[in-house]
Amino acid sequence: MAKRWYVVHTYSGYENKVKADLEHRIETYGVSDLIVDIQIPVEKVIEIKDGGQRETKESKVFPGYVLIRMELNDDTWSIVRNTAGVTGFVGSDGTASPLSRAEYRKIMGRGHGKDGRPSAPKPVTNIQVGQHIRVNSGPLSEIDSEGVVTEVNPEANKVKALIEFFGRETSVELTIDQVTVIN
């Protein structure tokens, strides 16, 4: 029988523990020829903190899910299903359904461009519409500009804000690292 990729549901936040426990169980039961790979889909994201500080992190694409490449039979099903933190296989009517190659590639290809090379990390910011900001760099920082965020575009690393200068509010577009949230 061929080895296929299956999706296992876990308690959210326990994906790494489930992977480690499952690897230990595979070794203990001697089924490394039947359960051959365990993957937790992740992608790199850039968190943009107050003041424009950037931090690159790995983020789980599907929290609460682990992918397992295995030959499904009663023994391997039982080993996986009875691992601490596993709540069940993903499938219909209680039956584990394997992923197609296209589904697997789509899930694991996140974070890669069409050419197969890793894409740039996706920016993530905690700035939200309606928050008050201060411009901390660029030409508007010279006049001590403050304003209110009207739009956030993390993919472009930009925010739009209404800033008051010369006696009137003006909509300006700034990069996320040019602003600081005011509490």
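Visitor: Is Trp 77 buried, partly exposed or exposed?
Guide: This is a predicted model, and the class follows from a computed relative accessible area. Buried means under 20% and exposed over 50%, with partly exposed in between. Trp 77 has a relative accessible area of 36%, so the residue is partly exposed.

Visitor: Which geometry does the ring pair of Trp 77 and Phe 89 have?
Guide: The ring centres of Trp 77 and Phe 89 are 6.4 Å apart, and the planes meet at 15°. Planes under 30 degrees apart count as stacked. The pair of Trp 77 and Phe 89 is therefore stacked.

Visitor: How many residues apart in sequence are the parts that this pair ties together?
Guide: Trp 77 belongs to helix α2, residues 74-81. Phe 89 belongs to strand β6, residues 86-89. The pair of Trp 77 and Phe 89 thus ties together parts whose separation in sequence is 12 residues.

Visitor: Is Phe 89 buried or exposed?
Guide: The cut-off for buried is under 20% relative accessible area. Phe 89 comes to 16% relative accessibility, so this residue counts as buried.

Visitor: Which residue joins Trp 77 and Phe 89 in a cluster of ring pairs?
Guide: A search of the whole structure gives four aromatic pairs. Ring pairs link Trp 77 and Phe 89 into a cluster with a further residue, Tyr 6.

Visitor: What is the geometry of the pair formed by Tyr 11 and Tyr 14?
Guide: Tyr 11 is partly exposed at 46% relative accessibility, and Tyr 14 is partly exposed at 42%. Their rings lie 6.0 Å apart, centre to centre, with 70° between the planes. Angles over 60 degrees count as edge-to-face, so the pair of Tyr 11 and Tyr 14 is edge-to-face.

Visitor: How many residues are in the largest nonpolar core?
Guide: Leu 22, Ile 35, Ile 68, Met 70, Val 80 and Phe 89 touch the most other members of this core. The elements giving two or more residues to the core are β1, α1, β2, β5, α2 and β6. The number of residues in the largest nonpolar core is 18.

Visitor: Which residues does Val 80 touch, not counting residues up to four places away in sequence?
Guide: Val 80 is one of the core members that touch the most others. With residues up to four places away in sequence left out, Val 80 touches Val 8, Leu 22, Ile 35, Ile 68, Met 70, Val 86 and Phe 89.

Visitor: Is Ser 145 buried or exposed?
Guide: Ser 145 sits in the loop between β10 and β11. Leaving aside neighbours within four places in sequence, Ser 145 is in contact with Ile 133, Arg 134, Val 135, Leu 140 and Ile 163. Its relative accessibility is 1%, so Ser 145 counts as buried.

Visitor: What distance separates the C-alpha atoms of Ser 137 and Leu 174?
Guide: Ser 137 is found in the loop between β10 and β11, and it is partly exposed, with a relative accessible area of 28%. Not counting residues up to four places away in sequence, Ser 137 touches Asp 177 and Gln 178. Ser 137 and Leu 174 are 37 residues apart along the chain, and their C-alpha atoms are separated by 9.6 Å.

Visitor: What share of the residues in the protein chain is buried?
Guide: The secondary structure of the protein chain comes to three helices and 14 strands. Of the 183 residues in the chain, the buried share is 32%.

Conventions. Residues numbered from 1 in each chain as written. Predicted model: local features only at pLDDT ≥ 70, side-chain atom pairs only at ≥ 80, totals over all residues. Heavy atoms only, no water. Phe/Tyr/Trp six-rings, centres within 6.5 Å; stacked < 30°, edge-to-face > 60°. Buried < 20%, exposed > 50% of the residue type's maximum accessible area, 1.4 Å probe, protein only. Helix = DSSP H or I, 4+ residues; strand = E, 2+ residues; numbered from the N terminus. Contact = heavy atoms within 4.5 Å. Core = buried A, V, L, I, M, F, W, Y, C linked by side-chain atoms within 4.5 Å.
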